[in-house]
Amino acid sequence: MSAGEAKSIVIVGAGQAAAQAVQSLRQGGYTGRITLIGDEPSLPYQRPPLSKAYMKGEFDEERLYFKPSAWYEDQKIEVMLGTHVPRIDRAKQQVQLGHGGHVDYDYLILATGSRPRPLPVPGADLDGLHDLRTLADVERMRPKMIAGRRIVIIGAGYIGLEAAAVARQMDLDVTVIEMAPRVLARVTSPVISEFYAAEHARQGVKILTGITLSHLEGAQGKVAAAILGDGTRLPADIVLSGIGILPNEELARDAGIACSNGILVDRDARTSDPHVFAAGDCAARPLVHYGRSGRLESVHNAIEQGKLAAAAILGQPRPAEDCPWFWSDQYDLKLQIAGLSQGYDTHVIRGDPASRKFAVFYLKNGTLIAVDSVNSPPEFLASKKLIMSGAKLAPASLSDTSTPMKDIAAQAAA
Amino acid sequence: MAKITFISHDGTERTLEAKNGMSVMEVAVNNSVPGIDADCGGACACATCHVYVDPAFLAKAGEQQEMEKSMLDFAENVKPNSRLSCQIKVTDELDGLRITTPESQH
């Protein structure tokens, strides 16, 4: 069968990539059968607010949904929620269902996402230890988020720091512990790390870096304290683990599809099986602006790969591949990130961090590869385009705040 | 509650009932109004929900925050009545609002 003649498309997973793929298939004119299979009980929903506004209880669950339930009926999408997929049979082109039965596919999109990396210490089975990935995780945690209670957060990545900000705003006593010598060590430069560590300290969060977690101590099966590598005992009512995620690649791997820290896909999100695609957190993709492959854990990536998979299945032109972008909300700080800074040789600060409005540009051999912008959308938006065009920029021009970002971008493009 | 009419770049009109407190972006996305991407889901992080507001309603649509202004500065085909629809909250005052969506957000 050639692309564009599919009669049944199955999507396993019901997160951002899945929701996008379904929409793009219908927008692209596909009128055949679509089956969306998710293991959570909710319709596809946005995860970013879980560690931000939604955690604070600022709005209802329905507002997290990408589309209301009526849309799925209207578009004739067969939605199977709370449904586990134990196995796919590539020879028969069938997806097995956990409760029995199967669904036939002409094309399959694996949008299985990722899961929190389990905390590898004794006591990780105690009640009171939480992850932050799903709506159910928030529902379990939120009733315990009471002013004055003590929360210990393991890991100072984006999830850990966003949760720390929310917990402080809810007036909890917050301690964050991080194994690396600085916060956000895996994803950003020391300049940004220092700025965020100082901001959290100013807000009353205790941040301990360069220290390991030894184990969790319990009392009557409930977590009571986090014990650190140096013996320090941190009493805790709640412990939140935010030490990264693992791609859900087992379904693909067990079916003999090539995986290596993620399901390997080409630029069209196609796996080693031409009838199987993978999109979102679970997929390791070519990073075309960087000449390497990797997994991206982001909204942009999920949306883009959902579109790429749908277009390839329908035999339509490949949608544009944007420069990777991310954001993080903490307190009144909006961090917008364009590009991937790994491997930079020069960084340039534009603006004054003390003003809470500044950006850090990252260059490699004179080419702009990434920016972290704090409360500075122009630096973020201009850089997205500059990174995609492979622009060379002089550090002195980037740090000159008397020239608007728009003009710097225009000059670089000329 | 407010009735909001969305006009696509090709002139197609759709009038929708909007609940107070929702954003104009959410009303559009929930009803699959074409021309709005809203990739970030309303976090004012991506500038892909750019719309044109009926000039008569500009004041009622609320004050623009600094973040939104600087994001819009980088959108395509910006006009004096440009707004990011995720930053407009539905109120009774917006009843009868007419919103024009661009052909594309890029």
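The contact between the two chains takes 17 residues from chain A and 13 residues from chain B, where two residues are in contact if their C-beta atoms, placed from the backbone, lie within 7 Å. This is a predicted model, in which local features need pLDDT of at least 70 and side-chain atom pairs count only at pLDDT 80 or more, while totals for chains, interfaces and linings use all residues. Residues are numbered from 1 along each chain as its sequence is written, and chains are lettered from A and ligands numbered from 1 in the order in which they are written.

On the side of chain A that touches chain B, helix 7 (299-313), strand 22 (325-330), strand 23 (333-339) and helix 8 (377-388) of chain A each supply at least two residues. Helix 8 of chain A gives the most, with four residues. Helices (H or I, at least four residues) and strands (E, at least two) are DSSP runs, numbered from the N terminus. By class, this side of chain A has 10 nonpolar, three polar and four charged residues. Here Ala, Val, Leu, Ile, Met, Phe, Trp, Tyr, Cys and Pro count as nonpolar, Asp, Glu, Lys and Arg as charged, and the others, Gly among them, as polar.

Chain A as a whole contains 10 helices and 26 strands. Its C-alpha trace spans about 65 × 60 × 35 Å along the principal axes. A compact globule of 414 residues would have a radius of gyration near 22 Å, and chain A agrees with this at 22 Å. The radius is taken over C-alpha atoms, and the globule rule is 2.2 Å times the number of residues to the power 0.38. Of the 414 residues in chain A, 46% are buried; a residue is buried if 20 or more other C-beta atoms lie within 10 Å of its own, exposed if 12 or fewer, and partly exposed in between, with C-beta atoms placed from the backbone.

One part of chain A is an open sheet of five strands in the order 3-2-1-7-19, with parallel pairing. Two strands pair if DSSP finds at least two bridges between them. Strand 3 (77-80) and strand 19 (276-278) of chain A are the edge strands, each pairing on one side only. Within the sheet, strand 1 (residues 8-12) and strand 2 (residues 33-37) of chain A pair in the parallel sense over five bridges. Val12(A) stands opposite Ile37(A) in strand 2 of chain A. Helix 7 of chain A lies across strand 1, strand 7 (107-110) and strand 19 of chain A, and runs at about 160° to strand 19 of chain A. Axes are lines fitted to C-alpha atoms, for helices over the stretch in contact, and angles run from 0 to 180 degrees between N-to-C directions.

Elsewhere in chain A, Asp345(A) lies in the loop between strand 23 and strand 24 (346-352). Asp345(A) counts as exposed because it has 10 C-beta neighbours inside 10 Å. Apart from neighbours within four places in sequence, Asp345(A) is in contact with Leu363(A), Lys364(A) and Asn365(A).

Chain B has two helices and five strands, which run β-β-α-β-α-β-β from the N terminus on. The radius of gyration of chain B is 12 Å, close to the 13 Å that the globule rule gives for 106 residues, so chain B is as compact as a globular protein of that length. Of these 106 residues, 41% count as buried.
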